[in-house]
Amino acid sequence: MSTRIAAGFAALFLALPAGAGAQAQEIVLRAASAIDGRGGSIADATIVVRDGRIVTVGRGAAATPTYDLRGLTLLPGLIDTHVHIDTHFGKDGRATSQGETPQQSMLYSVENAYVTLMAGFTTVQSIGSPSDVDLRAAIARGIVPGPRLLTSITPITENSGTPDAIRAFVRKMKADGADLVKLFASKSSREGGAQTMSDEQIQAACDAAKAAGLRTWVHAHSPSSIRAATLAGCTTVTHGSQATDAELTLMQQHGTWFEPNIGLVSQNYLENKPRYLGIGNFNEEGFAFTEKGIPMKREMFKRALKVNGLKLIMGTDAGAGAHGRSAEEIIYRVQVAGQPAGDAIVDATSHNAMALGLADKIGALAPGFEADIIAVDGDPLKDITALRRVVFVMKGGKIYKNVAPVAVAPRR
Ligand SMILES: [Zn+2]
């Protein structure tokens with residue numbers, strides 16, 4: 001057995017008590033640096049965790065680090081505000097769950113939750129499926145490994161009825177345990193993205209959600225649908241692929257969160273085209289829209305970056321084939337669309353936490369916060385692709401992954 005493997009086993013045994021519920025135990029992490037999620041970073045960082053929460057974040061050596069992650073960078077657990085955690089390639093390899101039992105479908109969701117957590121995403125918002133509710137409960141029980149899960153359960157569309165019917169539907173979603181409400185205010189980008197819900201329907205949904213204490217996430221591609229969602233006081237516009245400078249500025253003025261999905265979702269559809277083709281609007285015409293949308297979204301995002309004060313967040317719209325790859329959206333924003341790496345990381349951590357209404361709990365390395373901490377191999381501020389190399393994952397003080405290369409101390 002090499003020293004490295006032996007040390008790896010030692011680390012594994014150290015991890016067990018924490019994982020087995022001995023949460024009163026203190027865990028000390030030491031790393032080359034820590035990115036705090038709010039735009040700051042600390043060299044030679046030491047983080048102390050107790051009872052599942054961060055106690056201190058500081059500089060300099062701890063007496064005995066429980067985990068010596070020298071050479072690595074610590075970050076708050078990443079957040080994806082837009083996934084479809086139930087979507088998967090079924091037994092025939094196609095992007096549909098047709099012909100599956102509910103049990104089979106749920107196991108795919110469990111797999112998606114696992115790969116998402118292993119990729120360093122400790123919180124995701126699923127937008128949304130009825131099966132999310134049971135998955136959320138299973139993860140919260142603490143045995144099934146997965147990210148903190150939020151869900152919109154069932155979306156509202158133009159077919160959800162009158163404003164009164166929509167208000168009643170929102171109250172039902174609240175009673176069913178929804179964390180937010182999803183609206184489809186426009187067609188899919190594969191169908192041109194025109195507004196579908198009326199302004200009155202959008203207003204009713206966002207008013208009722210606000211009254212029920214729920215956030216709203218509005219799928220909107222066309223300028224008119226983005227304007228309607230913004231003017232109705234909805235929480236977040238997602239996609240926004242056809243936003244002009246006027247809509248970007250309007251969102252900024254109204255404090256609307258904007259979650260563009262410019263990278264992973266299209267990449268994934270094109271990479272997996274044979275698995276999608278022929279299902280719903282995944283036809284040749286739809287794929288032509290997807291291809292055309294890539295430069296359009298990239299240019300829209302570049303314009304969005306120039307709107308001072310626009311509240312940008314990071315969501316991927318991850319579907320079948322994209323789970324566990326959410327960091328690709330961050331990498332794309334930096335490498336292709338020119339967003340500074342530090343800003344892209346803030347979007348995917350503290351900004352996302354704010355948009356989820358969890359700004360005092362997650363999304364930052366700060367005292368009192370949930371100990372959602374990851375380590376990546378490299379410095380993502382210098383090389384954003386380090387986010388592909390997540391070697392350590394802690395959620396709520398519990399370690400779910402530690403494949404960190406062991407630092408070799410010089411022997412005397
Ligand atoms: Zn979506």
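Author: Start with axes: they are lines fitted to C-alpha atoms, for helices over the stretch in contact, and angles run from 0 to 180 degrees between N-to-C directions. Helices (H or I, at least four residues) and strands (E, at least two) are DSSP runs, numbered from the N terminus. This is a predicted model, where local features need pLDDT of at least 70, side-chain atom pairs count only at pLDDT 80 or more, and totals for chains, interfaces and linings use all residues. Residues are numbered from 1 along each chain as its sequence is written, and side-chain values use heavy atoms, with hydrogens and water left out.

Reader: OK. At what angle do α2 and α3 cross?

Author: Roughly 50°. The axes of α2 (residues 102–118) and α3 (residues 132–140) come within 11 Å. That makes α2 oblique to α3. On the cut-offs, angles under 35 degrees count as roughly parallel, over 145 as roughly antiparallel, 65 to 115 as roughly perpendicular and the rest as oblique.

Reader: Is the crossing of α2 and α3 left-handed or right-handed?

Author: Right-handed. A crossing is left-handed if the near helix is turned anticlockwise from the far one by less than a right angle, and right-handed if clockwise.

Reader: Which residues meet there?

Author: From α2, M106, S109, V110 and A113; from α3, D134, L135 and I139. Contact means heavy atoms within 4.5 Å. The residues divide into five nonpolar, one polar and one charged. Ala, Val, Leu, Ile, Met, Phe, Trp, Tyr, Cys and Pro count as nonpolar, Asp, Glu, Lys and Arg as charged, and the others, Gly among them, as polar.

Reader: Next pair. How far apart are the axes of α4 and α5?

Author: They are 8 Å apart, and α4 (residues 163–176) packs with α5 at an angle of about 30°. The two helices are therefore roughly parallel to each other. α4 passes α5 in a right-handed crossing.

Reader: What does α4 bring to the contact?

Author: P163, I166, R167 and V170. They meet residues of α5 including E200, Q201 and A204. The contact of α4 with α5 has seven nonpolar residues, one polar and two charged.

Reader: Switching topic. How many disulfides are there?

Author: One, from a search of the whole structure. It joins C206 to C234, S to S 2.1 Å. The cut-off for a disulfide is a pair of cysteine sulfur atoms within 2.5 Å.

Reader: Where do the two cysteines sit?

Author: C206 is in helix α5 (residues 199–211), and C234 is in the loop between α6 (223–231) and β10 (236–239). They are 28 residues apart, so the pair links distant parts of the chain.

Reader: Why is it called right-handed?

Author: The torsion about the S-S bond of C206 and C234 is about 100°, so the disulfide is right-handed.

Reader: Are C206 and C234 buried or exposed?

Author: Both are buried. Buried means under 20% relative accessible area, exposed over 50%, partly exposed in between (1.4 Å probe, protein chains only).

Reader: What about S129, buried or exposed?

Author: S129 is buried, with a relative accessible area of 8%. It is found in the loop between β6 (121–126) and α3. S129 touches D86, T151 and I153, not counting residues up to four places away in sequence.

Reader: Last one. What do the buried residues of α8 pack against?

Author: They pack against α9 (273–276), α10 (284–305) and α11 (327–335). In α8 (residues 264–271), the buried ones are L264, V265, S266, N268 and Y269. α8 passes α10 in a left-handed crossing.
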